[in-house]
Amino acid sequence: MEAQDGVLKTGTSTVGITFNGGVVVGADHRATMGHFIANKSVQKLFKIGDNLALTTAGLVGHAQSLSRTLAAEVSLYQLRRGQNMTVKGAATFTANLLSGRPHWVQLLIVGVDADGSHVYSIDSAGGSIPDVYCATGSGSPYMYGVLEDGFSEGMNRADTVRLAARALSASGQRDAASGNGMDLAVITAKDGYVPVEQSEIDSLLKKK
Amino acid sequence: MRLRDSKPSVQMGPVLGLIQGSPTRTLIKRRRREGNGEIMQPSGRGYDHGITTFSPDGRLFQVEYARESVKRGTTTAGLKFKEGVVLVCDKRISSRLIIPESIEKMFKIDEHIGVATSGLVADARQLVARARVESQINRITYADTVPVDVLVKKLCDFKQSFTQYGGSRPFGTALLLGGVDDEGIHLYETDPSGAYQSYHAGAIGSNRNTVIEYFEKNWKAGMTLNAAMKMGLEALRSANDTELNREAVEVVVIDGDGYRILDRGEVTKQLDRLKPLED
């Protein structure tokens, strides 16, 4: 299935990687319409709670609408119950939304909860699969090359942020529908959702 | 004049119906259809006819009457122990012709939650049905068991709606709801107004105060399951002043292993451990 060229879609590269004590998540900035780069600073990484983030790939309209709904549901859940939604809970909730009304998207829901750090990939019909790391979008094959080589269990924060930046950088170079820089964030139980400074990303990519 | 159709205005629907059609909406619709209730009511008949009418001193008589029906109900008690909650009740079998197993006062809601009821049994069964559905909705929605306090609040929101919207009556039922979740061990009491409180040990039904007094004197934290069962049964007996009817006592345990109801043999064994009453 392919969206039409006249529709704004994020060709996209997004990535989520668990590490010892947290999870790193990131996404590129490019939106395309066919071969045209329609936007160079699209937000595809969304904070949806203190312990949760969402990355989106696919149709921009569907992705944005889902991110709004999800952020609202996550804060209502927190207010009503006095505790954060688990990552599995958020993934299942989103999967339920999608299985009722499919959206042309591929999502990552990542975060930390009492059970540890998690990455869930969610498809357009509501399939929800947990993993230790995952990449989505047209750039994912290039990112998986980097991830397969660089990932190991029990990495620290710094190495994981570098791995995520390298993966997104590779797909930005080789996938025509990805690029124009990236957003990165780290979620830990202690500090919650913390965006990675642009300057830190720049220096990480230079070192290589 | 008002009760033309005898169909109950609130029914347990299928799962989706429960989510979409709130009782309030149904009730409001029905009220509109019947015209303005206040004008049609005969005047000067007191403040206890409409559940939605406050008396001049701020009371809702129908809600208080509903509490009365709980006070006349069977004695039911619950207490926490180290690993969970014990619920006990006396089913008050009035004739030897009744088959004790056919009287239900304890209900499993989910793997980790059970309730004991007192008051109108039929009302209780409606609440139990709703609690079971709410528990499953939580599993479907979030792939997780419902936290005990969340379920209690949902049930009490539902009970409350029957004290604010006309055309229906409050539930004549109190629930003792015990459960174990990630946050710990819980025992809640809910009343017909929709109020709830959390207890270490609590009781509902007739002679509630006697049972509470017994717990106030004797309950302590960190008891074993056996000690808690014994204390629950002693408390229940203190409300009776006579030996308990062995066929009529029901005991439920909810702990890390889930919900289980003791079979007749186990209940008898527990009752045998009680010191016989004097004279």
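Modeller: Two strands are said to pair when DSSP finds at least two bridges between them. The model shown here is a predicted one.

Strand β6 of chain A covers residues 45-49, and strand β7 of chain A covers residues 52-59. The two run antiparallel to each other and are joined over four bridges. Buried here refers to a relative accessible area under 20%. In a regular strand, side chains alternate between the two faces of the sheet.

Chain A also contains an open sheet of five strands, with the order β11-β2-β3-β12-β13 and antiparallel pairing. Its edges are formed by β11 (133-136) and β13 (192-195) of chain A, each of which pairs on one side only. On average, neighbouring strands of this sheet are turned by 15° against each other, with direction ignored.

Within this sheet, β2 (residues 14-19) and β3 (residues 22-28) of chain A are paired in the antiparallel sense over six bridges. A:T18 stands opposite A:V23, a residue of β3(A).

Two helices pack on the sheet. Helix α3 of chain A, residues 140-150, touches β2 and β11 of chain A, and the direction of this helix makes about 155° with that of β11(A). Helix α4 of chain A, residues 157-174, packs on the sheet by touching β2, β3 and β12 (182-188) of chain A. The direction of α4(A) makes about 155° with that of β12(A).

Over all chains, the structure holds zero disulfides. In chain B, the sulfur of B:C89 has its closest cysteine sulfur in B:C156, at 20 Å, which is too far for a bond; a disulfide requires the two sulfur atoms to be within 2.5 Å. B:C156 is accordingly in no disulfide, the nearest cysteine sulfur being that of B:C89. Both residues lie away from the surface by the burial criterion: B:C89 is buried with a relative accessible area of 0%, and B:C156 is buried with 3%.

Methods:
Residues numbered from 1 in each chain as written. Chains lettered and ligands numbered in written order. Predicted model: local features only at pLDDT ≥ 70, side-chain atom pairs only at ≥ 80, totals over all residues. Heavy atoms only, no water. Buried < 20%, exposed > 50% of the residue type's maximum accessible area, 1.4 Å probe, protein only. Axes fitted to C-alpha atoms, helices over the stretch in contact; angles between N-to-C directions. Contact = heavy atoms within 4.5 Å.
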